[in-house]
Amino acid sequence: MVEEEMEMVEEMEMVEMEMVEEEMVEEEMEMVEEEMEMVEEEEEEEEEEEEEEMVKEEEEEMEMVKEEEEERVGRLEAMVEEEMEMVEEMEMVEMEMVEEEMVEEEMEMVEEEEEEEEEEEEEEMVKEEEEEMEMVKEEEEERVGRLEAMVEEEMEMVEEMEMVEMEMVEEEMVEEEMEMVEEEMEMVEEEEEEEEEEEEEEMVKEEEEEMEMVKEEEEERVGRLVCVLCVGLVHQILERYGTPTSGLRGRALSRPNLPDRLGGRDYIARHYLIPIPPPEKQEGETRKKRKRAQRQCIVCAHSEIRDRVRQLVTTMCKECQLPMCMLCFQIYHVQIKY
């Protein structure tokens, strides 16, 4: 009974070993087929993408890929054959071991007295079998590591192909960017031309404004000259045909308590209108933005006999250094109360 049980156990172990080895071989073959399918799919995608641009390169790449596939298939077939040989060798070794065990068991059956030794040998054989199983596992792990290394190499090849594709895409992106830069340069040139035209128009407007300012200043000078001539003419008429008076309701010009603005016959030579000096030019200020000098008329703003008004003027008395308009100039220099 013990022998039959041992035989059954050994047969079961043999069957399990065979099943495990067959499953491993089938898995490896499936992995190889999947890898082949993945490689073929990648090659088909690459061929479809690159057919339009580089026909010659695709043919060369296909040839290189086919050669590499043939080499990989050859290596895989060689690996499978080596594994099959290893499996057959293991089976032969196991068969020999089984035969030896059978012989030993027969000898043990003949020698009933050595039952204890047989038990010890059986324990040793179990240990050896465990060691053999460990060796088989180690070999399987080594094969798996080799297969993983092969897969990593294939992945590196795929990554290299992807890098080549990325470089092609980057080159296309650079060309598009160059086109965009050229378009931007054209837009900048157009904007610069528009700005130059606007600046020319502004310069023309500034020149026109300057001409208007010059005309206004000439008109003001002409008005002042006319006033001076009129006042001088009146003064000459008064000197020739009568005694000059100040016009202050009969008061004499020689009154000692009169202010300087009323007390001299030569006031015309000192008191006359001039344009208010413009303010100092600031940094970054253009002629167009520069404001004309304007101040409040002193007579209109501080009048005691009429409504006060804040009137901005561009003229002032040269001697008094006070801003006033042309009408208020005569009132200020003739009347005590204005």
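Predicted model: local features only at pLDDT ≥ 70, side-chain atom pairs only at ≥ 80, totals over all residues.

Trainee: How many helices and strands does the protein chain have?

Mentor: The protein chain has 6 helices and 4 strands. Along the sequence they follow the pattern α-α-α-α-β-β-α-β-β-α. Of its 338 residues, 19% count as buried.

Trainee: How many cavities of 30 Å³ or more are there?

Mentor: Rolling a probe the size of a water molecule over the atoms shows where empty space is left. Here the count comes to 2 cavities of 30 Å³ or more. The largest cavity has a volume of about 170 Å³, and helices H1, H2 and H3 each supply at least two residues of its lining. Among the lining residues are Glu21, Met86 and Arg143.

Trainee: Which classes of residue make up the lining of the largest cavity?

Mentor: That lining has 6 nonpolar, no polar and 6 charged residues. The second largest cavity holds about 50 Å³ of space, and its lining divides into 2 nonpolar, no polar and 6 charged residues.

Trainee: Now the helix. Which residues of H6 are buried?

Mentor: A residue counts as buried under 20% relative accessible area. In H6 (residues 326–334), these are Cys328, Phe329, Tyr332 and His333. Seen down the axis, the buried residues of H6 fall within an arc of 125°, so they line one face of the helix. The face turned away from that side carries the exposed residues Leu327 and Gln330.

Trainee: What do the buried residues of H6 pack against?

Mentor: They pack against strand S1 (273–275), helix H5 (298–301) and strand S4 (315–317).

Definitions and conventions
Residues numbered from 1 in each chain as written. Heavy atoms only, no water. Buried < 20%, exposed > 50% of the residue type's maximum accessible area, 1.4 Å probe, protein only. Arc of directions from axis to C-beta. Contact = heavy atoms within 4.5 Å. 1 Å grid on protein atoms, 1.4 Å probe; cavity = no way out; pocket = protein on both sides within 12 Å on 5 of 7 lines; lining within 4 Å. Points joined across faces, edges and corners; volume = space filled by probe spheres on them. Nonpolar A, V, L, I, M, F, W, Y, C, P; charged D, E, K, R; others polar.
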